[in-house]
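Please work through the exercises below with the sequence and the model side by side. Each task is followed by a solution in steps.

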Amino acid sequence: MRTRIKICCIASIDEAQLAIAAGADALGLVAAMPSGPGPIPDARIAQIAAWTPPPVATFLLTSETTAQRIAEHVRATQPSTVQIVGHIDPREVEELAHLLPHVRRVQVIHVEGPEALALIPAYAPHVHAFLLDSGRPGALVPELGGTGRTHDWSISARFVRASPRPVFLAGGLDDTNVADALRQVRPYGIDLCSRVRTDGKLDVMKLALLMAAVRDVDAALYAEG
């Protein structure tokens with residue numbers, strides 16, 4: 001199975017075109033956040049989501065924490081998928097599934113230690129996938145993604161093995177380390193932001209190098225069986 005690739009922090013239709021031309025399966029559209037790179041206005045998120053051709057998915061990254069507010073955010077921007085970036089009350093995710101049953105839901109888990117594994121049973125019944133990232137939601141200024149840091153992939157690998165849902169891996173991935181990450185973690189997909197950018201803009205060369213590295217390791221893992 002090939003590794004799916006989500007390019008996050010998309011800032012414009014031009015960047016969306018570059019990401020899709022490089023082979024992206026999904027685009028991440030970052031709304032207002034307490035910290036981190038890439039937030040754009042909801043009106044631009046809606047514009048990019050409306051422009052994006054199928055089968056490419058559009059992920060709204062929302063920092064809202066209640067089902068009602070998340071649902072309002074989704075209705076205003078019309079993505080195909082909502083990515084919940086904080087560790088919100090699982091009952092809110094359950095309610096969101098009732099409010100927006102046709103919108104796919106991805107729950108971010110910030111891997112700060114083995115306790116991340118305990119969150120699987122709380123969220124798994126209500127989401128379509130997980131995304132493992134390197135934020136610090138409990139920090140004085142919460143970090144909810146886009147840190148450019150890797151985390152402990154041994155914990156991520158355990159999470160993937162334990163999860164009944166597909167898992168995306170995020171956090172500091174680039175062409176120099178993605179092969180090791182894929183071999184160790186075996187995620188369904190990866191999520192990229194800061195390490196494929198230069199001066200905040202999507203870097204076509206960095207993206208091409210990473211895509212080539214992913215395809216090389218996919219081919220090797222397939223050959224190994």
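The model is predicted, so local features need pLDDT of at least 70 and side-chain atom pairs count only at pLDDT 80 or more, whereas totals for chains, interfaces and linings use all residues. Residues are numbered from 1 along each chain as its sequence is written, and side-chain values use heavy atoms, with hydrogens and water left out.

**Exercise 1. The barrel**

Task: State which strands form the closed barrel and how they pair.

Solution. Step 1: Helices (H or I, at least four residues) and strands (E, at least two) are DSSP runs, numbered from the N terminus. Two strands pair if DSSP finds at least two bridges between them. Step 2: Eight strands close the barrel in the order E1-E2-E3-E4-E5-E6-E7-E8, with parallel pairing. On average, and with direction ignored, neighbouring strands of this sheet are turned by 25 degrees against each other. Step 3: As one example, strand E3 (residues 57-62) and strand E4 (residues 81-84) run parallel and are joined by four bridges. Phe-59 has Thr-81 as its bridge partner in E4. Step 4: Across E3 and E4 lies helix H3 (residues 67-77), running at about 140 degrees to E3. Here axes are lines fitted to C-alpha atoms, for helices over the stretch in contact, and angles run from 0 to 180 degrees between N-to-C directions.

**Exercise 2. The cysteines**

Task: Locate the disulfide and give its handedness.

Solution. Step 1: A disulfide is a pair of cysteine sulfur atoms within 2.5 Å. One is found in the whole structure. Step 2: The sulfur atoms of Cys-9 and Cys-193 are 2.0 Å apart and form this disulfide. The torsion about their S-S bond is about -105 degrees, so the disulfide is left-handed. Step 3: Cys-9 is in the loop between E1 and H1, and Cys-193 is in the loop between strand E8 (189-192) and E9, 184 residues apart. Both Cys-9 and Cys-193 are buried. Step 4: Cys-8 is in no disulfide, as the nearest cysteine sulfur, that of Cys-9, is 4.4 Å away. Cys-8 counts as buried because its relative accessibility is 4%.

**Exercise 3. Ser-156**

Task: Is Ser-156 buried or exposed?

Solution. Step 1: Ser-156 is in helix H6 (residues 153-162). Step 2: Its relative accessible area is 0%, so Ser-156 is buried. Step 3: Leaving aside neighbours within four places in sequence, Ser-156 is in contact with Val-111, Leu-132, His-151, Leu-169 and Val-185.

Definitions and conventions:
Buried < 20%, exposed > 50% of the residue type's maximum accessible area, 1.4 Å probe, protein only. Contact = heavy atoms within 4.5 Å.
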